[in-house]
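Visitor: I have a structure open and would like to go through it piece by piece. Can we start with a helix and then move on to the ligands?

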Amino acid sequence: MPEDKVIVNNLTKKFGDLLVLDDVSFTIGKGEFVCLVGPTGCGKTTFLNLLVKLIEPTAGEILIDGEPADPKRHSLSFVFQEPSAFPWLTVEDNIKFNLRIKKFPKNVIEERTEQMLKLVGLTQQRKLYPHQLSVSAEQRIVIARSFAMFPDLLLMDEPYGQMDIKLRYYLEDEVLRIWRETGSTVIFITHNIEEAVYLSQRCLVMSSKPTTVKTIRTIDLPYPRNVADPAFISIRQEITDMIKWW
Ligand SMILES: Nc1ncnc2c1ncn2[C@@H]1O[C@H](COP(=O)(O)OP(=O)(O)O)[C@@H](O)[C@H]1O
Ligand SMILES: [Mg+2]
């Protein structure tokens, strides 16, 4: 077993009387690609918000590398569910933003930015501002901004939800490539089970509220995966049957 990258201990989150996460515990290994799936409203985004300390847990804790999670100290990037490009920066400057904060050398910043612009197909639009682009393009800016960091921990909250299927397939392969090339640990949230089975080494299946982890399904199919492979279809079906969607 690899070392633990993320440890979730007895995590509980209530909003007033609403119990969302109910004593949830699991671990994620260093370098692992894990998908979190579960019905809308089960607390997937809440988990991510807890992980990056946007909100505080009611009880329990999340550790990264054995320490309380701290976005200032740990190398992590995230792509939120709602596109969150900085409106006052051009496409190019959005991508450079975190690299500049972390004081990467100038040549690395230029090189990564070119690479990422190409990866998300925004080279021609590099001087434009987010509001001049579509929602899908804005999300691609944020994806490029996160990928550019080659973070230790990459957090993605339904990042491809707004995209057409061709772009989604392309970016699914790209996140796998970045994961493989950088050795990052990836937590990828989705309610698309096919996407989860295509991407992850383990799939955490959440129940509906009050939410617990129902099952952790190891997916040991080789990459690249084939959505038409009978073994793939059978795992997809198994997970689909586990989720109560309402
Ligand atoms: N800040 C908040 N205040 C009150 N309720 C919230 C807040 N954030 C989320 N919730 C509620 O918590 C539940 C889980 O939400 P969320 O984590 O966004 O679900 P998911 O991402 O799985 O769709 C929902 O019922 C939602 O309405
Ligand atoms: Mg969500």
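Visitor: How many of the residues of α1 are buried?

Guide: This is a predicted model. In it, 7 of the 8 residues of α1 are buried, so the helix is mostly covered.

Visitor: Which residues of α1 are buried?

Guide: They are Lys44, Thr46, Phe47, Leu48, Asn49, Leu50 and Leu51.

Visitor: And what do the buried residues of α1 pack against?

Guide: They pack against strands β1 (4-15), β2 (18-29), β3 (33-37), β4 (59-64), β7 (153-157) and β8 (185-190).

Visitor: What comes just after α1?

Guide: Lys53 is found there, and its phi is positive, at about 65°.

Visitor: Now the metal. Which residues coordinate the magnesium ion?

Guide: The magnesium ion, ligand 2, is coordinated by Thr45 through OG1 and by Gln81 through OE1, at 2.1 to 2.3 Å.

Visitor: Where do Thr45 and Gln81 lie?

Guide: Thr45 is in helix α1 (residues 44-51), while Gln81 sits in the loop between β6 (76-79) and α2 (91-101). The pair therefore ties together parts that are 36 residues apart in sequence.

Visitor: Why does Thr45 count as partly exposed?

Guide: Its relative accessible area is 28%, and partly exposed covers values between the 20% limit for buried and the 50% limit for exposed.

Visitor: What about Gln81, what is its relative accessibility?

Guide: Gln81 has 29% relative accessibility, so Gln81 is partly exposed as well.

Visitor: Switching to ligand 1. Which residues are around it?

Guide: The residues around ligand 1 are Phe15, Leu18, Val20, Pro39, Thr40, Gly41, Cys42, Gly43, Lys44, Thr45, Thr46 and Lys209. They divide into 5 nonpolar, 5 polar and 2 charged.

Visitor: Which polar side-chain atoms lie by an oxygen atom of ligand 1?

Guide: A polar side-chain atom of Thr46 lies 2.6 Å from an oxygen atom of ligand 1. For Lys209, a polar side-chain atom lies 2.9 Å from an oxygen atom of the ligand.

Visitor: How much of ligand 1 does the protein cover?

Guide: On its own, ligand 1 has 560 Å² of accessible area, and the protein covers 60% of that.

Visitor: Which elements give two or more residues to the shell around ligand 1?

Guide: Those elements are β2 and α1. The largest share, 3 residues, comes from α1.

Visitor: What about Gly43, which of its atoms lies 3.0 Å from an oxygen atom of ligand 1?

Guide: In Gly43 it is a backbone N or O atom.

How values were computed. Residues are numbered from 1 along each chain as its sequence is written. Chains are lettered from A and ligands numbered from 1 in the order in which they are written. This is a predicted model: local features need pLDDT of at least 70, side-chain atom pairs count only at pLDDT 80 or more; totals for chains, interfaces and linings use all residues. Side-chain values use heavy atoms; hydrogens and water are left out. Donors are N, O and S atoms within 2.8 Å of the metal (3.2 Å for Na, K and Ca); water is not among the atoms, so sites may look incomplete. Helices (H or I, at least four residues) and strands (E, at least two) are DSSP runs, numbered from the N terminus. Buried means under 20% relative accessible area, exposed over 50%, partly exposed in between (1.4 Å probe, protein chains only). Contact means heavy atoms within 4.5 Å. A residue is near a molecule or strand if one of its heavy atoms lies within 4 Å of it. A polar contact is a pair of N or O atoms within 3.5 Å; within protein, one must be able to donate a hydrogen and the other to accept it, and residues adjacent in sequence count only if both atoms are side-chain atoms. Accessible areas come from the Shrake-Rupley method with a 1.4 Å probe; for residues, only the protein chains shown count as cover. Ala, Val, Leu, Ile, Met, Phe, Trp, Tyr, Cys and Pro count as nonpolar, Asp, Glu, Lys and Arg as charged, and the others, Gly among them, as polar.
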